[in-house]
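Please examine the sequence and the model shown below before reading on. The paragraphs that follow lead from one part of the structure to the next.

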Amino acid sequence: DVVARAGRDAVLNNLNKLREDYKPDFIIVNIENAAHGFGATPGICRDFLEKGVDALTTGNHVWQQRELIPFLDECKKIVRPLNYPENLPGRGFCELETPNGKKLLVIQVLGRLFMEAVDCPVQAIEKLLKNYTLGRNVDAILVDIHAEATSEKLALGCYLDGRVSAVAGTHTHVPTADAKIWPQGTAYITDVGMCGDYDSVLGFDKEEPMNRLARKYTGNRLSPAKGTGTLCGILVETDDKTGLAIQIEQIKI
């Protein structure tokens, strides 16, 4: 979950190191808060894609920067939440392919607990997965669940165990210590963590959140923290035959 310039720089400046160290087939980046902390712009999307990022996921701030909205239909590598109404711009999934023909399906859903009213994430995924079977017509499936509640993320991870390669939580900006593989072979983490300045409150300058905490006064805008960014992410390795996870490793730079 990239937050503002500190997060963008943390990712873009470390892409070569990630490729050298891990040799990934695909790199997926969540750009939910990339533009000054709220949403993303077409220019920011191009910055990541031109540097070799394979796909971009978003979240509940996907509509925040209005110039991105028409770009969602134009760019096939941006994923907005699948359980928004189907008639909205963009799409809730994308397919990627390696030069040797291995296919990855990237899906994103929004949670519903403590979030805005959206369609059921489980029903949205069920409808999509009627067209995809792991290990048959797709080699790996990644689900980004953008949600507040840890219980909702865990429940979705349990529900999809054995049917997708990985379920990775985003949105709460704090990396959790529960990276694991469920019994049927799906990798899971409740929150990957943000890419941004951690000398902050969720990537934002500390003063305004402290004022809101102490005085219940919300008259001033949140401003992104401008210190050095930290990159947080995960590496997931899958079995070539089944598409299920062999390993999940947390990354912090």
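This is a predicted model: local features need pLDDT of at least 70, side-chain atom pairs count only at pLDDT 80 or more; totals for chains, interfaces and linings use all residues.

Phe48 is in contact with Val2, Arg8, Val11, Leu12, Val29, Ile31, Val53 and Leu56, when its neighbours within four places in sequence are left aside. As a general background, nonpolar side chains in soluble globular proteins tend to be buried together.

Helix H1 deserves a separate description. Of its 9 residues, 7 are buried, so H1 is largely enclosed by the rest of the structure. The buried residues of H1 are Ala4, Ala6, Gly7, Arg8, Ala10, Val11 and Leu12. They pack against H2, strand E1 (28-30) and H3.

Two packed helices are described by the angle between their axes and the distance between the axes. The axes of H1 and H3 come within 10 Å and cross at roughly 15 degrees. Angles under 35 degrees count as roughly parallel, and H1 and H3 are therefore roughly parallel to each other. In this crossing, which is left-handed, H1 passes H3. On the side of H1 the contact is made by Arg8, Val11 and Leu12, and on the side of H3 by Ile44, Asp47 and Phe48. By class, the residues of the contact of H1 with H3 divide into 4 nonpolar, no polar and 2 charged.

The axes of helix H5 (residues 121-129) and helix H6 (residues 150-159) come within 12 Å, with a crossing angle of roughly 25 degrees. That angle makes H5 roughly parallel to H6. The crossing in which H5 passes H6 is right-handed. Where the two helices meet, H5 contributes Pro121, Val122, Ile125 and Glu126, while H6 contributes Glu152, Leu156 and Tyr159. The contact of H5 with H6 has 5 nonpolar residues, no polar ones and 2 charged ones.

Two individual residues complete this account. Is Glu86 buried or exposed? Its place is in the loop between strand E3 (78-79) and strand E4 (93-97). Glu86 counts as exposed because its relative accessibility is 62%, and the cut-off for that class is over 50%. Not counting residues up to four places away in sequence, Glu86 touches Arg80 and Lys127. Glu86 and Asp119 are 33 residues apart along the chain, and their C-alpha atoms are separated by 9.9 Å.

Asn211 lies in helix H7 (residues 207-215). With a relative accessibility of 18%, Asn211 counts as buried, since that class takes in values under 20%. Leaving aside its neighbours within four places in sequence, Asn211 is in contact with Lys216 and Tyr217.

Notes. Residues are numbered from 1 along each chain as its sequence is written. Side-chain values use heavy atoms; hydrogens and water are left out. Axes are lines fitted to C-alpha atoms, for helices over the stretch in contact, and angles run from 0 to 180 degrees between N-to-C directions. Helices (H or I, at least four residues) and strands (E, at least two) are DSSP runs, numbered from the N terminus. Angles under 35 degrees count as roughly parallel, over 145 as roughly antiparallel, 65 to 115 as roughly perpendicular and the rest as oblique. A crossing is left-handed if the near helix is turned anticlockwise from the far one by less than a right angle, and right-handed if clockwise. Contact means heavy atoms within 4.5 Å. Ala, Val, Leu, Ile, Met, Phe, Trp, Tyr, Cys and Pro count as nonpolar, Asp, Glu, Lys and Arg as charged, and the others, Gly among them, as polar. Buried means under 20% relative accessible area, exposed over 50%, partly exposed in between (1.4 Å probe, protein chains only).
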